[in-house]
Amino acid sequence: MRLLHTQTRQMREFASCTEKYAILSHTWGLDEVTLWDWQNLSPADLESKEGYRKIDFCCKQALQDGYDWVWVDTCCIDKTSSAELSEAINSMFRWYKYSDVCYAHLTDVDDNVTQDTLSDALSKSRWFTRGWTLQELISPAVIIFFSRNWQRLTSKYESRMLLSEIIGIERRYLDPYCLGEACAAKKMSWAALRETSRVEDIAYCLLGIFNVNMPLLYGEGKKAFQRLQEEILKGSPEDHTLFAWGEVASSIRDLPYRVSKKDAARLKDIKWESPKVDEPLYGLLAESPFDFKDSGRFRMAYNLATSYYDQAPGRGVTLLPQILKSRIRIQLPMLCQGHQLTRHWSNPQIATLHEISVACLLCYHEEAPDYLVGIPVVLYSSVAIFSRTETLLMRGVRYPGVLEPLIKRRRMLTIGRPSALGIGTGDVILRRNVCGPNVSSGDGTDPQNHYIPEPILTVFGTGRYPRNGLIGELQYHCRATSSSSTTKQCHFGVKLERMEGVYRLNSPTSIFATIVALDREGIEAGANHLNIPTQNTITLSMPLDGDILNLSYFIFVAVKTERISIDVDTGGYPCFVDVLDIVVTRKGVPDTLLQDIRAIRVL
């Protein structure tokens, strides 16, 4: 640590500082004094720089208060040395914390501020909007605020209530020794509206607040904030408030992009909306502290989280989260309730439906302490990677009060951003694959058996001639319960094939949908005890057609096909995709349960 002597104005390095010192907090200007300036410029040149004035005032004030040493970040760090800069930034919170007094210089506050105008003057100061000054406010025990010309305004102790209101931090957290009581989401919310000159600094300025050390890599951009969150996760894996970011909704029924099971089962067109095209899906971690702007009232369910990871009754130990490059592998309680998420494509101009699952976090909101927070996730990849939406559910699931039900619903998930889906002419897109409103989807605990992994069933490429033949097979498991409580089960599949005529947009093309009986392993069988026909085929003619497959006495499958033009360069040949809608529902026979919906991609 390098300190500046208040009388001789000489620098001295301390391997382990035991001296009492004052420290300066300020906002950077355009003409600051660097360590090189201090060691090489003449006194006259040094004093001519705008940044010298604050250093001079700091030294004089410290000397007046009885301190021989001061630390000023502009001139006490050799910023030409990346190693020293990294060490200083990783140590800065501690340096402010162990200072005897911190002088906060507010260059945009006039000297004539009175007690009546103090609140307005402080709330408008730039010092309260910068990222670095957050830790400089929290970590020192004693802070004296000074105006532009070094007139005393107030102190941290005198104005602790006012400061709490201005920055939105409860008073007890202004004490650095109480900082450990705040959860990750609360700390992030303090920084949500703060700014830094460099993108990376919005992460680096939070290292001390989270008690994290990591190397500095200027030039990495937003990756710095991702690395910060990964380090926080390693140190506090049970603090799920780290994932509690985004727009807050009360429950899944309040999601603006949600489609109910009843509406999804209707074979009507899904309205395509241009403003909603390419709305992003996300990984588990946030992109910036701004994502936590509404997260200040989340609380960690500490006892529950500790028990969840320390003991899992009769079902094995819950694994701690694992960081896999840009993805997180984590075990969370899951719910599948049949709701659909709408995704709007730019090319082709269609909207597709994807079933939403709710991953439950081990934390709660102050307004709903009896509920665990939920994050809506969708399976949007052929390699079983879930992606989350930007919305957070205050009431994800009611907390049962005991651990066992949550352990029962526990699933291992890999959560990350979805990969881009490339589309070529001749591709087949599954616009929806849903169960009707009168069909249950089981107990809703295994989302990986309920979802089409990605909307493109078959990729034929961008050649001149799309390939004929098998598109894919969707497999289902259903269970029927009769009035006598007799349960019968069956497995069946919907096999999809395409036969092209002449290769142009309005050519006489057909899609064949065939019901096939399956055994328990998903292999085609000749017969079954629910009398599903061995083969039952309908022919759908392009460009638009629809029909129904009858399945024994209680279930039918509605299939709709549509050929849509797309904008892809194929050398002048027509470009199109075939879009499929599939809805499985029952014929009115009561007590029918359809479960374990899954799709198998067959090329």
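Figure 1. Thr342 is placed in strand β12 (residues 327-344). Helices (H or I, at least four residues) and strands (E, at least two) are DSSP runs, numbered from the N terminus. Thr342 has 12% relative accessibility and therefore counts as buried. Buried means under 20% relative accessible area, exposed over 50%, and partly exposed in between (1.4 Å probe, protein chains only). Residues are numbered from 1 along each chain as its sequence is written, and side-chain values use heavy atoms, with hydrogens and water left out. Local features need pLDDT of at least 70 and side-chain atom pairs count only at pLDDT 80 or more, whereas totals for chains, interfaces and linings use all residues.

Figure 2. Thr133 belongs to helix α6 (residues 132-138) and is buried, at 1% relative accessibility. Leaving aside neighbours within four places in sequence, Thr133 is in contact with Ser25, His26, Trp127 and Arg194. Ser25 and Thr133 are 108 residues apart along the chain, yet their C-alpha atoms are separated by 7.0 Å. A polar atom of the Thr133 side chain lies 2.5 Å from the backbone oxygen of Trp127.

Figure 3. Helix α3 (residues 52-64) has 13 residues, and at 1.5 Å a residue it should span 18 Å; the expected span is 1.5 Å times one less than the number of residues. Its end C-alpha atoms are 18 Å apart, which agrees. Among the buried residues of α3 are Tyr52, Ile55, Cys58 and Cys59. Cys58 has a relative accessibility of 0%. A disulfide is a pair of cysteine sulfur atoms within 2.5 Å, and a search of the whole structure finds zero disulfides. Just after α3, Gly66 takes a positive phi of about 95°.

**Figure 4. Nonpolar cores.** A nonpolar core is a set of buried Ala, Val, Leu, Ile, Met, Phe, Trp, Tyr and Cys residues joined through side-chain atoms within 4.5 Å. The largest has 131 residues, and Trp71, Tyr103, Phe145, Met188, Leu206 and Leu228 have the most contacts inside it. Helix α4 (residues 82-97) supplies the largest share of this core, seven residues. Another core, of 23 residues, lies apart from it and includes Tyr476, Ile511, Ile555 and Ile582.

**Figure 5. Backbone angles in loops.** Most residues other than glycine have a negative phi, and most peptide bonds are trans. A cis peptide bond joins Asn347 and Pro348, with omega about 5°; Pro348 is in the loop between β12 and β13 (351-360). Another cis peptide bond joins Met542 and Pro543, with omega about 10°. Trp150 has a positive phi, near 70°, and is buried at 8% relative accessibility. Lys325 has a positive phi of about 55°, but is exposed, with a relative accessible area of 79%.

Figure 6. pLDDT is the predictor's confidence in each residue, from 0 to 100. The protein averages a pLDDT of 84, and 82% of the residues score at least 70. Over residues 459-464, pLDDT stays under 50, as it does over residues 594-603. Where pLDDT is low, the predicted coordinates should not be read in detail.

Technical notes: Contact means heavy atoms within 4.5 Å. A polar contact is a pair of N or O atoms within 3.5 Å; within protein, one must be able to donate a hydrogen and the other to accept it, and residues adjacent in sequence count only if both atoms are side-chain atoms.
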